[in-house]
Amino acid sequence: MKLVNIHIQKLLLLFLLIGVHTAQAQVWTLQQCIDTAQVHNKNLQMSRNNVAIGEQREKEAKANLIPKVTANTDYKYFTNLPYQLMPLSTFNPTAPEGQFKEAQFGVPHNINANLQLSMPLYSPQVYGAIQTTKIASELTDLQYQRTEEQIYFEISNLYYNGQILHHQLTFIDSNLINAELLLKNMQLLNEQLLAKGTDVSKVKLQVSQLTTQKENISSKYEQVLNALKFAMGISIEQNLQIEANIQYQNTNEYTPSSTLDIRIIKTQNRLLSSELNTLNKSRYLPSLNLIGMYGTTGFGYNGQPTSFLDFYPIGFAGIQISYPLFNGTVTQRKINQKRIEFQNNELQFSLLTEQNNMQVENAKLQRKIAQQTAETTTKQIQLAETIYEQTVLQQKQGTANLTDVLLADNALREAQQTYLSAVIDYLKADLELKKLTGNISKKN
């Protein structure tokens with residue numbers, strides 16, 4: 001039985017190791033990272049909440065057309081009953097005109113309870129608010145889409161940076177292997193008194209520099225992955241690996257469409273127009289409301305000779321109309337403000353359109369140059385590798401010195417770095433072009 005338990009423990013350990021290896025081997029594509037961010041990114045969650053708030057505000061504005069019913073009740077105890085002046089002729093017909101006598105009316109206890117109804121039949125403010133909140137809801141939805149674009153742009157940038165750093169590490173590993181082989185060769189030649197000690201030190205320095213560079217790049221790679229996890233909205237502790245192979249097309253052409261920034265400006269223009277229209281209507285058009293009330297009024301007395309508390313019904317229905325005559329030019333000042341905001345909005349639209357056209361042309365030029373550079377440096381890397389291998393071989397044969405080898409190695413590393421820079425420039429320019437042409441959220 002003990003032997004069986006040991007085998008079971010070994011099997012469990014084996015399955016655990018296989019599971020860990022499988023988890024570590026999982027590779028996330030760019031689209032998977034973006035899809036994960038759609039669910040877990042907190043900025044997107046807040047933007048979705050803002051869209052929901054906009055929908056509720058639109059419903060709130062429409063709810064102002066629904067009849068409003070309020071219940072009111074009050075109790076008053078008069079320590080001093082209200083006075084009223086009565087002509088003396090009321091009590092004495094022979095009294096002269098212009099003389100009055102004060103008199104107190106009512107009873108000490110007064111109770112009122114009623115239901116009041118009000119419903120707008122026509123109100124320029126209410127109908128204007130409904131139209132304005134509808135446009136504001138569209139604006140909030142566009143702002144949510146812009147947040148989506150920003151997340152897409154940020155995650156794509158981080159993903160591309162991670163891929164470049166991964167390739168940079170691959171190049172460094174290759175260069176480090178070459179440098180270590182060269183170091184062994186130089187140490188062997190030094191032992192045979194065929195190379196100087198300073199030559200060995202130079203190669204050791206190169207190995208040390210490459211090792212330090214690898215540590216720095218590895219640290220930057222981990223930082224980029226952590227930033228990518230944060231943008232995706234997942235835990236920093238979660239294992240994440242990205243695709244090492246950089247895939248990019250050299251002939252991406254995007255159909256220009258209205259960008260979200262321009263669509264937002266246009267919607268803001270509609271919003272300002274709606275607010276300005278509402279202010280103009282509220283300035284000249286009356287408001288018409290249906291009003292009504294039904295309730296009871298109670299009068300009570302607790303003195304001598306008889307105490308009582310009597311209730312009497314009260315009710316009415318009617319129409320109330322209100323027309324603004326003069327409000328101290330407040331509405332006119334608001335109209336002037338909206339007109340200036342409207343002018344700024346039109347200027348911003350013109351500025352943004354011109355800026356977008358300029359940025360599109362610049363992005364196309366940058367992408368074209370980066371593409372050409374990447375193609376050229378690919379050939380340069382192959383040539384630099386060939387030169388390095390030949391120089392190392394010549395150095396072994398004694399027809400080339402260490403300086404020649406180091407120069408060939410530097411040329412190779414420079415070509416590698418130029419290639420990586422060109423690729424990242426191409427990817428970023430292509431991403432920027434997708435954003436500027438309104439295609440960033442479209443799958444190509």
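## Terms and model

Helices and strands here are DSSP runs, numbered from the N terminus; a helix has at least four residues and a strand at least two. The model is predicted.

T329 sits in the loop between strand 6 and helix 8. Its phi is near 60°, a positive value in a residue other than glycine. Most residues other than glycine have a negative phi. T329 has 33% relative accessibility, so it counts as partly exposed; that class lies between under 20% for buried and over 50% for exposed.

## A cis peptide bond between strands

Another loop joins strand 5 (287-301) and strand 6 (308-322), and P305 is found there. The peptide bond from Q304 to P305 is cis. Its omega is near 5°. Most peptide bonds are trans.

## Helix 7 against helix 8

Two packed helices are described by the angle between their axes and the distance between the axes. Helix 7 covers residues 260-284, and helix 8 covers residues 330-397. They pack at an angle of about 165°. Their axes are 9 Å apart. Angles over 145 degrees count as roughly antiparallel, and helix 7 and helix 8 are therefore roughly antiparallel to each other.

The crossing of helix 7 and helix 8 is left-handed. Residues of this contact divide into 9 nonpolar, 10 polar and 9 charged.

## Helix 5 against helix 9

Helix 5 (residues 124-191) packs with helix 9 (residues 402-436). The angle is about 170°, and the axes lie 10 Å apart. Helix 5 and helix 9 are therefore roughly antiparallel to each other. By class, their contact has 16 nonpolar, 8 polar and 6 charged residues.

## Helix 9 from end to end

What caps the N-terminal end of helix 9? N401 does: one of its side-chain oxygens lies 3.3 Å from the backbone nitrogen of T403. Helix 9 has 35 residues. From first C-alpha to last, helix 9 reaches 51 Å, close to the 51 Å expected at 1.5 Å a residue. After helix 9 comes G438, with a positive phi near 75°.

## Helix 6 and the glycine after it

Helix 6 spans residues 197-232. At 1.5 Å a residue, its 36 residues should span 52 Å, and its end C-alpha atoms are 52 Å apart, which agrees.

Conventions: Residues are numbered from 1 along each chain as its sequence is written. This is a predicted model: local features need pLDDT of at least 70, side-chain atom pairs count only at pLDDT 80 or more; totals for chains, interfaces and linings use all residues. Side-chain values use heavy atoms; hydrogens and water are left out. Axes are lines fitted to C-alpha atoms, for helices over the stretch in contact, and angles run from 0 to 180 degrees between N-to-C directions. Angles under 35 degrees count as roughly parallel, over 145 as roughly antiparallel, 65 to 115 as roughly perpendicular and the rest as oblique. A crossing is left-handed if the near helix is turned anticlockwise from the far one by less than a right angle, and right-handed if clockwise. Ala, Val, Leu, Ile, Met, Phe, Trp, Tyr, Cys and Pro count as nonpolar, Asp, Glu, Lys and Arg as charged, and the others, Gly among them, as polar. The expected span of a helix is 1.5 Å times one less than its number of residues. A polar contact is a pair of N or O atoms within 3.5 Å; within protein, one must be able to donate a hydrogen and the other to accept it, and residues adjacent in sequence count only if both atoms are side-chain atoms. Buried means under 20% relative accessible area, exposed over 50%, partly exposed in between (1.4 Å probe, protein chains only).
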